Every structure is written in C-alpha cells, then in structure tokens.
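Hi,

Here is the structure I promised to pass on. Have a look at it first, and then read my notes on the ligand and the pockets below.

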Amino acid sequence: MADRLPRLRGAVIARLIVISGPSGAGKGTLIKRVMSCLPGLRLSVSATTRGRRAGERHGREYYFLNRSEFERRIEEGRFLEWAAYTGNLYGTPGKAVRDHLEAGRDVILEIELEGAKKVLSQCRDAVMVYIMPPSLEELERRLRGRGTESEEAILDRLGRAKEEMGEVEARVAEGLPPLHYVIVNDKVNRASDELARIIERIRIKDEQADH
Ligand code: 5GP
C-alpha cells in the first residue's frame, strides 16, 4: 500500500475508511445502512480461516480459506493487513482495495483494532472510525442474542473487546492518533446517521481541496 492515497491536483480522489470496533458492536449493521444511503462506497471482502456460519457465502461475507492457503497468501504479500483474532486469521486482500481506490471509489474496511492500526500506520490518508457498544453488558447481550458463537467463542470475544475498548478509551483520553472518530452505537438509526455524516464531511473536504 502506498503511504498516500491516489490524488488529483494534490487532492485525495478516494478514501480508505477503516471501521473498527469489538465484535458485536454493530459495525456490519451500520455499514450496511450507510451503504444503502450513500453512493460510491465499496466494502472490502476479507479472507478468514474461521468456519463458515449458516447463510454465509464464499466471496460475499468472506473468502473462507484453510490455514495453509492463508499463510501462503501472507508469504506472497497479498494482504494489506492481517491479524489473528480469537484463534483465527483475518486479512484484507490488497489488490481489490488498491483497484477500487485507483478507480476513485471509496473503500470501507471492517476490521478489528490490530489490523486497523496497521492500515493507519501504513496509509496516512486513511480515516478511522471506531464503533463502541454502549457498555460491555450490552455487548455481551448482543453477542449472545446473535446466536452465532459457542460459549467459548463468546467469552474470547468479550475478553478481546474489554482489552480493545480499554485501549481506545485511553487513546481518546490522551488524544492519541490514529483514532479520528468514535461512535457509540446506542441506537442504530442515530449511530448510522452519525457515520453517514462523517463520510459526507470527509467527501466535502476532499472536494473543496480539489478546487
Ligand atoms: P467475525 O468472525 O465476527 O466475522 O469477525 C471477527 C472480527 O474480525 C471482527 O471484529 C471483524 O471486524 C474482524 N475482521 C474481519 N475481517 C478482517 C480483516 O480482514 N482484518 C482484520 N484485522 N480483522 C477483520
């Protein structure tokens, strides 16, 4: 990944928007809603070694790979970033993201915090939005309500969420990059409006920079 996004007359022509936050915070729901009302956004499809859930399709939710294939792709440098998360590997295929950006399309990455930090350290024009649940109790309720994970996986995810949210709160308190925006997903309508407004504001600024 180039450390700067493609530009025209010095202005960024397409943004890489990194949406992070703990599993169960509602990132996917907010992204879906925003994509249905804002044109020109592409969601990157990640690769993962985790098992497929009911209703998930290869190439739509994820590219489901076995570990040796995933590791081969790491060796070949095919991921923009990758991370281990609760026993599985997850990674963003670099080529599709680069192709969309070169063509002037904004790309959304929905990824956990370690991967998000890697992207932000590599690409200084990327924008990061962290989605927080209103509380850990509410996060637990949502994870259990989803019914997609085993008890062990739920506890793993809650443990990871606690660590991540502690780190994000400390970063916000100290004003540390690379966090640009934090949205508390208390109500889906309100939170998705907030995310849409953030993206619109970024686009307006980019357009103004181009004139
Ligand atoms: P899930 O198993 O619930 O689909 O995803 C688990 C976590 O992995 C979520 O927080 C999700 O955002 C994150 N994730 C999904 N794709 C990627 C990726 O390509 N890279 C990284 N670093 N995290 C990812």
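By class, how many nonpolar, polar and charged residues are in the lining of the second largest pocket? The lining has 5 nonpolar, 2 polar and 7 charged residues. Before you read on, please keep in mind that this is a predicted model.

A bit more on that second largest pocket. Its space comes to about 220 Å³. It is lined by 14 residues, and those closest to its centre are Val12, Ile13, Arg203, Asp206 and Glu207. Two elements give two or more residues to this lining, namely strand S2 (11-12) and helix H7 (188-209). H7 gives the most, with 3 residues.

Now for the largest pocket, which is the space that the ligand takes. About 1200 Å³ of space lies in there. The lining is made up of 41 residues, with Gly28, Arg53, Tyr62, Glu110 and Arg146 closest to the centre. Sorted by class, the lining of the largest pocket has 14 nonpolar, 12 polar and 15 charged residues.

On to the ligand itself. There are 18 residues around it, and the ones that come nearest are Ser46, Arg50, Tyr62, Tyr90 and Glu112. The shell around the ligand has 5 nonpolar, 5 polar and 8 charged residues. Strand S7 (79-85) and strand S8 (88-93) each supply at least two residues of that shell.

- Lys27: an N or O atom in the side chain is 3.1 Å from an oxygen atom of the ligand.
- Thr92: here a backbone N or O atom lies 3.3 Å from a ligand oxygen.
- Glu110: again a backbone N or O atom, lying 3.3 Å from an oxygen atom of the ligand.

How much of the ligand's accessible area does the protein cover? On its own the ligand has 510 Å² of accessible area, and the protein covers 96% of that.

Cheers

Technical notes
Residues are numbered from 1 along each chain as its sequence is written. This is a predicted model: local features need pLDDT of at least 70, side-chain atom pairs count only at pLDDT 80 or more; totals for chains, interfaces and linings use all residues. Side-chain values use heavy atoms; hydrogens and water are left out. A residue is near a molecule or strand if one of its heavy atoms lies within 4 Å of it. A polar contact is a pair of N or O atoms within 3.5 Å; within protein, one must be able to donate a hydrogen and the other to accept it, and residues adjacent in sequence count only if both atoms are side-chain atoms. Accessible areas come from the Shrake-Rupley method with a 1.4 Å probe; for residues, only the protein chains shown count as cover. On a 1 Å grid over the protein atoms alone, a cavity is a set of points where a 1.4 Å probe fits but cannot get out, and a pocket is an open set with protein on both sides within 12 Å along at least five of seven lines; lining residues have an atom within 4 Å of a point. A molecule sits in a cavity or pocket if more than half of its atoms lie within 2 Å of its grid points. Helices (H or I, at least four residues) and strands (E, at least two) are DSSP runs, numbered from the N terminus. Ala, Val, Leu, Ile, Met, Phe, Trp, Tyr, Cys and Pro count as nonpolar, Asp, Glu, Lys and Arg as charged, and the others, Gly among them, as polar. Grid points are joined across faces, edges and corners, and a volume is the space filled by probe spheres set on the points.
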